[in-house]
Amino acid sequence: MTEETNTDATEIADPVLARFLVGATIRQLVQRDGRGPNALAKAAGVSIATWKRWVAGTIKEWGSPQVYALMAALGYGHKDPATLDLLQLATDARRHNVTSRPEWVRSRAFDLLMAVESVSERIRTYELTVIPGLLQTEAYARAHLALAGIAGDLEERVQLRMTRQAILDPDRTPAPVKYSAILDEALLHRPPADPAVMRGQLAHLLDLTEQRHISLRVIPFAAGPYPTDGNGPFLLLESARVGGDIVHLETSRHSTYLETSEATAPYLGAWERLAARAEDEEESAKRIRRLQSAAPR
């Protein structure tokens, strides 16, 4: 078989992203093949339990024997571009992360979020309690993190949050991420501490509305109650490199990623319904400007 899933077998510097991509790539190939796990495990010469670990991308060490066996079962040869691509990803995934960042930064969930954001072409987010991290000013981020009880490494966390925002830089090469946010009006009235911080944050949002790759829309109080299908805040990341849409859900204790079409479909539908309730970009900017003008100095 010579059909390619991705012929660009370029090196992935982040081992966390590489491990995620190994699993995502395998699941795409298996879905395309169409055969069940029993038949594929037999073709690969492994147990059904081993095959399921391969498809889940949860084995700790991917080497060329595993890659070649898996790809042969799917009909790919050693020199097929798809095989070479997966082999490169497996090599990158084996790297140890030698970062000196503190433990809270080295968490797999945080690393993975930054990694997937970095290879996304489009990000959509819905938020109803706090300004999304990619849109926060330093002062707002500092105040919000302090309210969450962060103390010792507060400044490091603030700077890391600012670093994440590089994906929205209009001068980013090859291009900035296309970013869309739907915000409940309530969060625009909720200063983290000093009201002057909120004034600066609202001014920053207005500056961002001038960027062509950024869309900010507000669901006003006047829209009344609106359905969220039981969904709280969520992040939709669209990446051809990863293979489509990913939903990121975060709580104070857990970070969850959904990638199957069945799992992401409800959130894509929720986004469309939320967008139907939100003001357009122009009206949203006017609302933010009025609030910014009225905010205490």
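Student: In which helix does valine 55 lie?

Tutor: In this predicted model, valine 55 belongs to helix α3, which spans residues 48-56.

Student: Is valine 55 buried or exposed?

Tutor: A residue counts as buried under 20% relative accessible area. Valine 55 has a value of 17%, so the residue is buried.

Student: Which residues does valine 55 touch, leaving aside those up to four places away in sequence?

Tutor: Valine 55 touches Gly23, Ile26, Arg27 and Val30.

Student: Let us turn to aromatic rings. What describes a pair of aromatic rings?

Tutor: The distance of the centres and the angle of the planes describe such a pair. The structure holds three aromatic pairs. One of them joins tyrosine 126 and tyrosine 226, edge-to-face, at 6.5 Å centre to centre with 80° between the planes.

Student: Which parts does the pair of tyrosine 126 and tyrosine 226 tie together?

Tutor: Tyrosine 126 lies in strand β1 and tyrosine 226 in the loop between β3 and β4, so the pair links parts that are 100 residues apart in sequence. Both tyrosines are buried.

Student: How are phenylalanine 234 and tyrosine 267 arranged?

Tutor: Phenylalanine 234 and tyrosine 267 also form an edge-to-face pair, with 5.4 Å centre to centre and 70° between the planes. Phenylalanine 234 lies in strand β4 and tyrosine 267 in helix α11, so this pair ties together parts 33 residues apart in sequence. Phenylalanine 234 is buried at 3% relative accessible area, and tyrosine 267 is buried at 12%.

Student: Which residues do ring pairs link into a cluster?

Tutor: The cluster consists of Tyr126, Tyr226, Phe234 and Tyr267.

How values were computed. Residues numbered from 1 in each chain as written. Predicted model: local features only at pLDDT ≥ 70, side-chain atom pairs only at ≥ 80, totals over all residues. Heavy atoms only, no water. Phe/Tyr/Trp six-rings, centres within 6.5 Å; stacked < 30°, edge-to-face > 60°. Helix = DSSP H or I, 4+ residues; strand = E, 2+ residues; numbered from the N terminus. Buried < 20%, exposed > 50% of the residue type's maximum accessible area, 1.4 Å probe, protein only. Contact = heavy atoms within 4.5 Å.
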